[in-house]
Amino acid sequence: MKKLTLNHSYTPAPLKSINQRLSELTTENDPDESIFLKLAIERDEFIQNYIKTLSDDERNHFVTAELQVNGALVAYAEGLFKESLKQLSGLIRGRKAVKKYR
């Protein structure tokens with residue numbers, strides 16, 4: 001999977017660190033979804049707190065830039081979900097086939 005670009009010109013240094021870990025995770029062939037969830041939650045909590053510290057103008061710029069990044073993360077998460085469903089479906093079909101031929 002291609003590496004996600006999660007930083008923009010308004011990204012603060014602590015968020016860049018979280019984004020770096022998330023971005024590295026997304027380049028793995030079989031990423032650990034629990035780590036992805038942990039990092040996504042950590043990222044969300046940081047952003048929620050960070051937004052409170054910004055002026056109205058800074059907040060508007062930051063949030064506008066973050067909407068695009070969030071869209072990329074949502075698309076990546078949906079891809080992971082679809083892949084998990086595909087693997088689960090294959091496992092269920094395999095179990096049925098084994099039971100059928102026993």
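Of the 102 residues of the protein, 25% count as buried, where buried means under 20% relative accessible area, exposed over 50% and partly exposed in between, with a 1.4 Å probe and protein chains only. This is a predicted model, in which local features need pLDDT of at least 70 and side-chain atom pairs count only at pLDDT 80 or more, while totals for chains, interfaces and linings use all residues. Residues are numbered from 1 along each chain as its sequence is written, and side-chain values use heavy atoms, with hydrogens and water left out.

The secondary structure consists of three helices and zero strands; helices (H or I, at least four residues) and strands (E, at least two) are DSSP runs numbered from the N terminus. The C-alpha trace spans about 65 × 20 × 20 Å along the principal axes.

Helix α3, residues 56-100, comprises 45 residues and reaches 64 Å from its first C-alpha to its last, close to the 66 Å expected from 1.5 Å times one less than its number of residues. Its buried residues are Phe 62, Ala 65, Glu 66, Val 69, Leu 73, Tyr 76 and Leu 80. An α-helix has 3.6 residues a turn, so residues three or four places apart point the same way. The cover over the buried residues of α3 includes α1 (13-26) and α2 (33-52).

Within helix α1 lies Ser 23, which counts as buried because its relative accessibility is 4%. Leaving aside residues up to four places away in sequence, Ser 23 touches Lys 3, Leu 4 and Leu 6, contact meaning heavy atoms within 4.5 Å.
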